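This report describes selected features of one protein model. The sequence and structure come first, and the notes follow.

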Amino acid sequence: MLSPYLFNIYLDDVARLNDCYRRAFVIIYADDILLIAQSVSALESLLRACERELLFLDMIINVKKSCCMRIGPRYNVSCANIVTYQDQPLQWVSELRYLGVFIVSSRSFKCSLVFAKRSFYAAVNGLFGKLLNLASEEVILELIKAKCTPVLLYGLECFHLGNADLQSLDFTFNRFCMKLFKSGNIELVKDCQKYFGLDLPSIVLKKKQDKFVERYKYAANPFCVLCFNM
């Protein structure tokens, strides 16, 4: 039970690199390290510092699981390769997965919803396969709210989703409701949702975002303070 705490202490020197750089950040969650910098040269410098600390701890970066991505107005401009101290280049990608969320290269901080929707359908179909003819709609809906909706909305409270993305989430949820209520009439499905007190994902996400921002505002982490002020 102490291993997560001991591991955090073990990597504490890597996290302390935040005190040495301005406008560059090291974010650590367990053994997943995210480096954020304003330029390619600053990112390479931060990578070198991170590698030195890891070598001191008898650890190295797994190049096969590491990559670089650019976000901003020049996101589609080719960048020079960043190499490790072993002269192994890190691949530039248009999409990466960090802590279960797929972040895409774009003009602004943006995520891909494809994997979330696919996972939601898999979770819903798994429940349907077991309970569709055995449980009432009330029981199935409670299980969907507790087990499947969090899969669809996982990690999205930290993103600013556009109307198209919110409509896509609602459409995914409405398709499931059409199957559950055995109707292709969207108005009838909306009446059933209202009767069962079922909120659309866009509404649930808004509540999650409000709670997230409230916690974010009072966080002492310098990266959180900078982002909130911006």
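Strands E6, E7 and E8 form an open antiparallel sheet, in the order E6-E7-E8. E6 (95-98) and E8 (110-111) are its edge strands, each pairing on one side only. Strands pair when DSSP finds at least two bridges between them; strands (E, at least two residues) and helices (H or I, at least four) are DSSP runs numbered from the N terminus.

The model is predicted: local features need pLDDT of at least 70, side-chain atom pairs count only at pLDDT 80 or more, and totals for chains, interfaces and linings use all residues. Residues are numbered from 1 along each chain as its sequence is written, and side-chain values use heavy atoms, without hydrogens and water.

| E6 | 95-98 |
| E8 | 110-111 |

Across from Cys111 in E8 stands Ile103.

On the surface, Leu2, Tyr5, Leu6 and Ile9 make up a nonpolar patch with about 490 Å² of accessible area together. Such a patch takes residues with over 30% relative accessible area and no salt bridge, with nonpolar side chains joined within 5 Å; a salt bridge is a side-chain nitrogen of Lys or Arg within 4 Å of a carboxyl oxygen of Asp or Glu. Areas come from the Shrake-Rupley method with a 1.4 Å probe. Leu6 lies in helix H1 (residues 3-10) and has a relative accessible area of 52%, which counts as exposed because the cut-off is over 50%.

Methods: Patches are made of residues with over 30% relative accessible area and no salt bridge: like charges are joined within 9 Å, nonpolar side chains (Val, Leu, Ile, Met, Phe, Trp, Tyr) within 5 Å. Buried means under 20% relative accessible area, exposed over 50%, partly exposed in between (1.4 Å probe, protein chains only).
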